[in-house]
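Thanks for sending this one over.

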Amino acid sequence: DQAERGVDSSAASSTGTAPMMLDNTAAPNLNQPTDSEGGSRVIETVKEIIDARLAEYDTTLDQDREMLNRPGNSIHLRNALIVRIGEKEILTDMKIALASES
């Protein structure tokens with residue numbers, strides 16, 4: 001049951017997308033580097049995961065910010081946009097930080 005796992009099923013209806021659940025079966029084995037510079041391979045893999053996660057959104061960060069500033073948004077849409085903007089900002093900041101590592 002989603003409520004028992006702490007998943008808010010209302011998130012899907014307010015944003016039009018289902019909550020993201022991580023699937024560990026698709027993740028590469030990060031304990032086994034594929035090249036002599038294992039650290040750089042891990043960084044590249046994390047960047048790929050971030051890009052894939054960002055690609056799952058139907059809107060860009062700028063579009064979300066624009067929608068947030070529109071008058072007449074319901075409180076539910078406003079809150080959903082705030083959460084989605086926060087998620088995208090975190091992912092984008094992580095991507096920038098990783099870019100400086102590689």
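In which kind of crossing does α2 pass α4? The crossing is left-handed, a label used when the near helix is turned anticlockwise from the far one by less than a right angle, with right-handed used if clockwise.

1. **Ground rules.** Please keep in mind that this is a predicted model, where local features need pLDDT of at least 70, side-chain atom pairs count only at pLDDT 80 or more, and totals for chains, interfaces and linings use all residues. Residues are numbered from 1 along each chain as its sequence is written, and side-chain values use heavy atoms, with hydrogens and water left out.

2. **Overall make-up.** The chain has four helices and zero strands, running α-α-α-α from the N terminus. Here helices (H or I, at least four residues) and strands (E, at least two) are DSSP runs, numbered from the N terminus. Of the 102 residues in the chain, 19% are buried; buried means under 20% relative accessible area, exposed over 50%, and partly exposed in between (1.4 Å probe, protein chains only). Among contacts between residues at least 6 apart in sequence, 58% join residues at least 24 apart, a contact being heavy atoms within 4.5 Å.

3. **Helix α2 against α4.** These two helices pack at an angle of about 155°, with their axes 10 Å apart. That makes α2 roughly antiparallel to α4. On the α2 side the contact is made by Ile43, Val46, Lys47, Ile50, Asp51, Arg53 and Leu54, and on the α4 side by Glu87, Lys88, Leu91, Thr92, Met94, Lys95, Leu98 and Ala99. By residue class, this contact divides into eight nonpolar, one polar and six charged.

4. **Terms for that packing.** Axes are lines fitted to C-alpha atoms, for helices over the stretch in contact, and angles run from 0 to 180 degrees between N-to-C directions. Angles under 35 degrees count as roughly parallel, over 145 as roughly antiparallel, 65 to 115 as roughly perpendicular and the rest as oblique. Ala, Val, Leu, Ile, Met, Phe, Trp, Tyr, Cys and Pro count as nonpolar, Asp, Glu, Lys and Arg as charged, and the others, Gly among them, as polar.

5. **Two residues of α2.** Asp51 is in helix α2 and counts as partly exposed at 34% relative accessibility. Its C-alpha atom is separated by 8.3 Å from that of Lys95, 44 residues away along the chain. Ser40 also lies in α2, which spans residues 38–55, and is partly exposed with a relative accessible area of 30%. From Ser40 to Glu101 the C-alpha distance is 8.2 Å, across 61 residues of sequence.

6. **The buried face of α3.** Which residues of helix α3 (residues 61–68) are buried? They are Leu61, Asp64, Met67 and Leu68. Seen down the axis of α3, these fall within an arc of 125°, so they line one face of the helix; the arc is that of the directions from the helix axis to the C-beta atoms. What covers them includes α4 (75–99).

7. **Helix α3 against α4.** The axes of α3 and α4 are 10 Å apart, at an angle of about 155°, and the helices are therefore roughly antiparallel to each other. α3 passes α4 in a left-handed crossing. Leu61, Asp64, Arg65, Met67 and Leu68 of α3 meet Arg78, Leu81, Ile82, Arg84, Ile85, Lys88 and Glu89 of α4. The residues of this contact divide into six nonpolar, no polar and six charged.
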